[in-house]
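I opened my notebook to look around a structure that was new to me. Here is what I looked up, entry by entry.

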Amino acid sequence: MKYQVDKNGFFGRFGGAYVPEILYKCVHDLQEAYLPIIESKEFQDEYYALLRDYVGRPSPLYYANRMSEKYGCKLYLKREDLNHTGAHKINNTVGQILMAKKMGKTRIIAETGAGQHGVATATVCALMNMKCEVFMGATDVERQHVNVERMKMLGATVHPVRTGNMTLSDACSEAIRDWCCHPEDTFYIVGSTMGPHPYPDIVAKMQSIISKEIKQQLEEKIGRDYPDYLIACVGGGSNAAGTIYHYIDDTRVKIVLAEAGGHGIDTDHTAATIHCGSEGILHGARTLVMQNEDGQIQEAFTISAGLDYPGIGPMHADLAEKGREKVLAINDDEAIRAGYELTRMEGIIPAIESAHAVAALSKLKFTPDDVVVLTVSGRGDKDIETYLNARS
Ligand SMILES: *Cc1c(COP(=O)(O)O)cnc(C)c1O
């Protein structure tokens with residue numbers, strides 16, 4: 001693959017590792033260790049065995065008949081919603097916990113917003129018998145009570161974070177603070193393609209199984225291994241990175257990402273970082289950030305807790321700027337409508353995050369032969385109340 005992070009962790013102008021001095025050694029050790037570990041036979045054997053037998057991979061590539069007819073294309077859904085714990089996040093936590101073990105770490109920390117990454121982390125910590133501490137904004141602890149209970153049942157300690165807006169961004173800051181206090185024994189499992197180098201690259205590689213499978217599955221189903229369109233939603237950017245990973249250099253494939261517009265990109269209530277953000281440093285990386293003129297982080301707003309992040313992975317900041325990715329802002333009401341549509345037309349209730357990707361379909365013009373692969377990043381069980389409230 002030609003498109004790669006450079007040795008300092010940059011994708012074009014974006015990325016890098018802007019961390020406090022106390023973390024230099026920790027981050028440097030990880031930068032040195034991650035590629036040899038990922039490329040080792042031992043890691044690959046363990047990782048692929050767990051993806052198959054524990055996560056349930058490969059996830060199906062499903063031809064959506066009725067939706068294809070409606071949108072005038074050949075629509076395939078990549079079913080990450082069928083993974084263990086209900087979303088793509090488990091692909092990444094399985095990989096990172098193996099990495100933590102190889103590096104001799106004994107204590108795991110993670111940040112979480114909606115709680116999906118917290119649950120995926122607590123799950124693999126139970127599996128590997130590791131101590132697990134999850135940082136979660138106090139507002140989210142209240143909003144996402146069921147996921148908090150799941151994490152506790154799995155044996156994790158959940159720390160409500162009461163700084164700032166008490167949401168995901170603050171949980172990330174708190175996790176980094178904790179890491180500074182325990183750099184020796186602690187491994188920080190980052191949940192998306194964000195954070196200091198090498199995390200954006202680690203997470204993209206762990207999620208790249210999605211496009212690896214899409215290639216094989218398309219070859220089997222249509223006799224060619226690439227689609228005309230790839231569509232995914234983007235919060236920090238991990239399911240999108242996994243969906244496009246093996247196609248970034250392949251210009252036959254158009255890439256369309258859906259970010260959360262909230263009430264609209266011309267309002268203060270939005271999480272559309274690529275549309276509304278400006279260059280800055282957030283959680284260890286230079287990227288696009290929603291901020292005011294003084295560089296204060298502006299709270300992100302969207303109906304979707306999993307897309308509620310005022311930054312964006314540096315790889316996507318770069319690919320969007322270069323025009324390789326077309327990024328659409330999907331508003332709350334459009335996502336809700338699309339979520340209901342997929343539910344009623346295909347019998348699949350998508351996560352509200354994934355519904356943003358579904359909503360992108362109506363904004364694109366297809367020809368009947370166009371092969372479109374859309375990643376359903378997660379299932380909507382956690383969002384039933386949101387869907388019902390939005391309709392009442
Ligand atoms: C967390 C989450 C997202 C957003 O995260 P990315 O890193 O952008 O993929 C999207 N969909 C679901 C179901 C999630 O749980």
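**Salt bridges**

I began with Glu42, which counts as exposed because its relative accessibility is 52%. For these labels, buried means under 20% relative accessible area, exposed over 50%, and partly exposed in between, with a 1.4 Å probe and protein chains only. I noted that this is a predicted model, where local features need pLDDT of at least 70 and side-chain atom pairs count only at pLDDT 80 or more, while totals for chains, interfaces and linings use all residues. Residues are numbered from 1 along each chain as its sequence is written, and side-chain values use heavy atoms, with hydrogens and water left out.

Which residue forms a salt bridge with Glu42? I found Lys102, with the closest N and O atoms 3.4 Å apart. A salt bridge here is a side-chain nitrogen of Lys or Arg within 4 Å of a carboxyl oxygen of Asp or Glu. Glu42 sits in helix α2 (residues 41-55) and Lys102 in helix α4 (residues 89-102), so the pair ties together parts that are 60 residues apart in sequence. Helices are DSSP runs (H or I, at least four residues), numbered from the N terminus. Lys102 is partly exposed, at 30% relative accessible area.

I then looked at Arg79 and Asp81, whose side chains meet in a salt bridge at 2.8 Å, N to O. Arg79 counts as buried at 12% relative accessibility, and Asp81 counts as buried at 3%. I also wrote down a network of salt bridges that links Arg13, Glu279, Arg286 and Glu321. By this rule, I have 29 salt bridges on the page.

**Two helices side by side**

Next I turned to helix α1 (residues 24-39) and helix α9 (residues 199-207), which pack at an angle of about 15° with axes 10 Å apart. Axes are lines fitted to C-alpha atoms over the stretch in contact, and angles run from 0 to 180 degrees between N-to-C directions. α1 and α9 are therefore roughly parallel to each other, a label for angles under 35 degrees. In α1, I saw Leu30, Tyr34, Leu35 and Ile38 meet Tyr199, Asp201, Ile202, Lys205 and Met206 of α9.

Is Ile336 buried or exposed? It counts as buried, at 6% relative accessibility. I placed Ile336 in helix α14 (residues 332-346). Leaving out residues up to four places away in sequence, Ile336 touches Ile303, Ile352, Thr386, Tyr387 and Ala390, where contact means heavy atoms within 4.5 Å.

Technical notes
Parallel < 35°, antiparallel > 145°, perpendicular 65-115°, else oblique.
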